[in-house]
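My plan is to look things up one by one and write down what I find.

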Amino acid sequence: MGCCSRIDWEPSLAYVRPMDASTGTEEEPTEDSRQLPKNYDALAPRLPESGCDLFEIFGATAEIEIVIGFGRGMFLERRTAANPDAWLLGIEIKSKWAYKVSERCKRRGLDRVRAYGGDVRQVLPNLGPDACLARAFLHFPDPWWKKRHAKRMVMGQLVLDELARLLRPGGEFFVQTDVEDRAEGYRRQLQEHPRFELEGQGYLQGNPYDAVSNREKRAIEDGLPVYRLLALRV
Ligand SMILES: C[S@@+](CC[C@H](N)C(=O)[O-])C[C@H]1O[C@@H](n2cnc3c(N)ncnc32)[C@H](O)[C@@H]1O
């Protein structure tokens, strides 16, 4: 597996046209987007580090879904269109995308979507109350291939334990990747976790959520296999 070919969501160009999440095409630059550079770390919206009650943000009866590492944000937009009952919380470590996606959602009036910047491994422990989430999505995570990058991995004990705490009983955790070794590793971790039960024996045939992520759309177009896992919180 080549190491660089998959790190393609962050081109190293000085100026990149924003992506239109609904079409996967680039948006025309606006006056605003031409004024570079921006301090995205300061601009990206953040959840309070002191702790955050998601029912206060979304409402006590909200069906809340979390999208971890939303990148350019296509899944957030498509999912809110596909499920009118879902309230979406996105967490993305790259401030640039957190800011851009958040602004785009506001511009488009997607009032059931909130996109925040942050490392999900630091954000999840501050969220509550327990059992507040209906679903969690992790699309194409962990494009790290060198041993020294292992510390960046999102999927791991901490994230699994936190999702087990935050998902309601029967809540869904959907993980997908186009890297078979990674998928096998995720499957093992989910099988071994006492509070998750995998749906079916193997991978899902398709994505049951009527919404694709940017990376998923690209993988499908490129004819790559996509390994999809659905685990229920028990
Ligand atoms: C390969 S990209 C996939 C993006 C998107 N999920 C998709 O499928 O198109 C992985 C994404 O996870 C984000 N990410 C990596 N580590 C993260 C972390 N600790 N917390 C939040 N997001 C993270 C990256 O910045 C990147 O946007």
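Entry 1: I start with phenylalanine 140, which sits in the loop between β8 and α7 (157-166). This model is predicted, so I keep an eye on confidence as I go. Phenylalanine 140 is not a glycine, yet its phi is positive, about 50°. Is phenylalanine 140 buried or exposed? I count 22 other C-beta atoms within 10 Å of phenylalanine 140, so it is buried. The cut-off for buried is 20 or more.

Entry 2: I turn to aspartate 210, in the loop between β10 and α9. Aspartate 210 is also a residue other than glycine, and its phi is positive, near 55°.

**Entry 3: tyrosine 203.** I stay in the loop between β10 (196-198) and α9, where tyrosine 203 is placed. Tyrosine 203 has 18 C-beta neighbours inside 10 Å and therefore counts as partly exposed. What does tyrosine 203 touch, leaving aside neighbours within four places in sequence? I list Ala183, Tyr227, Arg228 and Leu229. I also look up the distance from tyrosine 203 to glutamate 184. They are 19 residues apart in sequence, and their C-alpha atoms are 9.8 Å apart.

**Entry 4: a cis bond.** I look at the peptide bond between glycine 128 and proline 129. It is cis, with omega about -5°. Proline 129 lies in the loop between β7 (127-128) and β8.

**Entry 5: strand β8.** I follow the chain into β8. Of its 7 residues, 6 are buried, so β8 is largely enclosed by the rest of the structure. Which strands pair with β8? One is β4, which runs parallel to β8 and is joined to it by 5 bridges. Isoleucine 68 has leucine 138 of β8 as its bridge partner.

**Entry 6: helix α4 and what covers it.** I move to α4, residues 74-82. Its buried residues are Met74, Phe75, Leu76, Glu77, Arg79 and Thr80. What covers them? The cover includes the strands β4 (63-68), β5, β6 (113-117) and β8 (133-139), and the helices α5 (95-107) and α9.

Not counting residues up to four places away in sequence, leucine 76 touches Val67, Phe70, Leu88, Gly90, Val101, Cys105, Val113 and Ala115. The largest nonpolar core has 48 residues, and Leu76 and Ala136 have the most contacts inside it.

Then I check threonine 80, also in α4. Threonine 80 has 20 other C-beta atoms within 10 Å, so it is buried. With residues up to four places away left out, threonine 80 touches Ala86, Leu88, Leu110, Arg112 and Val113. From threonine 80 to aspartate 111 I find 31 residues in sequence and 9.3 Å in space, C-alpha to C-alpha.

**Entry 7: around the ligand.** How many residues surround the ligand? I find 22, and the closest are Gly69, Gly71, His139, Ser213 and Arg215. By type, the shell holds 11 nonpolar, 5 polar and 6 charged residues. At least two shell residues come from each of β5 (86-92), α6 (120-123) and α9 (214-221). Helix α9 gives the most, with 3 residues.

**Entry 8: the whole protein.** I step back to the totals. The protein has 9 helices and 11 strands. Of its 234 residues, 35% are buried. Among contacts between residues at least 6 apart in sequence, 76% join residues at least 24 apart.

**Entry 9: confidence.** I finish with the pLDDT. The protein averages 88, and 85% of the residues score at least 70. Over residues 1-19 the pLDDT is below 50, and this stretch has 24 contacts in the model beyond near neighbours in sequence. Residues 21-26 also have a pLDDT below 50, with 15 contacts beyond near neighbours in sequence.

Terms used. Residues numbered from 1 in each chain as written. Predicted model: local features only at pLDDT ≥ 70, side-chain atom pairs only at ≥ 80, totals over all residues. Near = placed C-beta within 6 Å. Helix = DSSP H or I, 4+ residues; strand = E, 2+ residues; numbered from the N terminus. Nonpolar A, V, L, I, M, F, W, Y, C, P; charged D, E, K, R; others polar. pLDDT = per-residue confidence, 0-100. Contact = placed C-beta atoms within 7 Å. Core = buried A, V, L, I, M, F, W, Y, C linked by C-beta atoms within 7 Å. Buried ≥ 20, exposed ≤ 12 C-beta atoms within 10 Å, placed from the backbone. Pairing = 2+ DSSP bridges.
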